[in-house]
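Here's a quick briefing to read alongside the model. Have the sequence and the 3D view open as you go.

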Amino acid sequence: MAFIILETKNKISLYKHVILDLLSTSYRILKVDEQASKLIIHHEPNKIDEKDLFLNLAEELYTDLKVYYSDEEPKYDLNDILEWFDAVPFHQTVIYDDYQLLLKRVDYPFDKDFKKKLLKSVFEDNDLLYTVKVFLECDQNMSKAAKNLYLHRNTLIQRLDKFYSRTGFDCRRFVEAYIIYTLLK
C-alpha cells in the first residue's frame, strides 16, 4: 500500500482537514495516522505528478511542508522511512521520493544498521561490494573497471546485475551509484 508522510512546522491538526480534502481529489485515502506535526496517509496508488501536487498544497496552506511519497509498492518499511525522514532537517518546503530521501539521508551520520537495511543480502558479500566499489571508482566505465578487476566485461555486467537484483540499486544510474558509493567508502 502506497503512503505519504506530510510534516509541517506547526501542529498538523491546524491543516489536517484542508490537506485531506485537497488530497482526496487526487487519491483514494485508505487510512490516516496523525502525529504531532505529521500525517501519514495510506492510499491507493495513482499516476499523478506528486511534486506539483505538494508544491501547490504548500502554497494553498501558506506553510512549508516536508513530504515523502512512496512508490506504488514501497521499497522500504514505513518505520525505516520515518526514521530516515526524521533524520533530515526541515528548513523549507521539500518533496522526497525514495532516492531523494536517501540522497539527503546519506549526508548525515549513519550507522551499520542503516547500511545493512540498504545493502540487504550483499551487506557481508565483500567480493561483490569490492566489485561495485571499483566500478564506481572507475567512473562507471565498464571496460576500465573490468580491466582493474581482472574480469571479463560480461562477468562484471553479471555481477552488477546480481547487485541490482539483490539490493534494488542500479550502479549504472548516477543517483543510485552516489548513494551506494557513500555507503561503501
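Helices (H or I, at least four residues) and strands (E, at least two) are DSSP runs, numbered from the N terminus. This is a predicted model, where local features need pLDDT of at least 70, side-chain atom pairs count only at pLDDT 80 or more, and totals for chains, interfaces and linings use all residues. Residues are numbered from 1 along each chain as its sequence is written, and side-chain values use heavy atoms, with hydrogens and water left out.

**K66**
- You'll find K66 in strand β4 (residues 65-69).
- K66 counts as buried, at 2% relative accessibility (buried is under 20% relative accessible area, exposed over 50%, partly exposed in between, with a 1.4 Å probe and protein chains only).
- A polar atom of the K66 side chain sits 2.5 Å from the backbone oxygen of F85.
- Leaving out residues up to four places away in sequence, K66 touches (heavy atoms within 4.5 Å) a set including I5, F85, D86 and Y96.

**Nonpolar cores**
- A nonpolar core is a set of buried Ala, Val, Leu, Ile, Met, Phe, Trp, Tyr and Cys residues joined through side-chain atoms within 4.5 Å.
- The largest one has 42 residues, and I5, L119, F163, F169 and I180 touch the most other members.
- Elements giving two or more residues to this core include β1 (2-8), α6 (126-137) and α9 (174-184), with α6 supplying the largest share, 6 residues.
- Not counting residues up to four places away in sequence, F169 touches Y76, Y99 and I180, among others.
- A second, separate core of 19 residues includes I19, L20, L39 and V67.

**E124**
- E124 lies in the loop between α5 and α6 and is exposed, with a relative accessible area of 64%.
- E124 and M142 are 18 residues apart in sequence and 24 Å apart in space, C-alpha to C-alpha.

Conventions. Polar contact = N/O pair within 3.5 Å; in protein donor to acceptor, adjacent residues only side chain to side chain.
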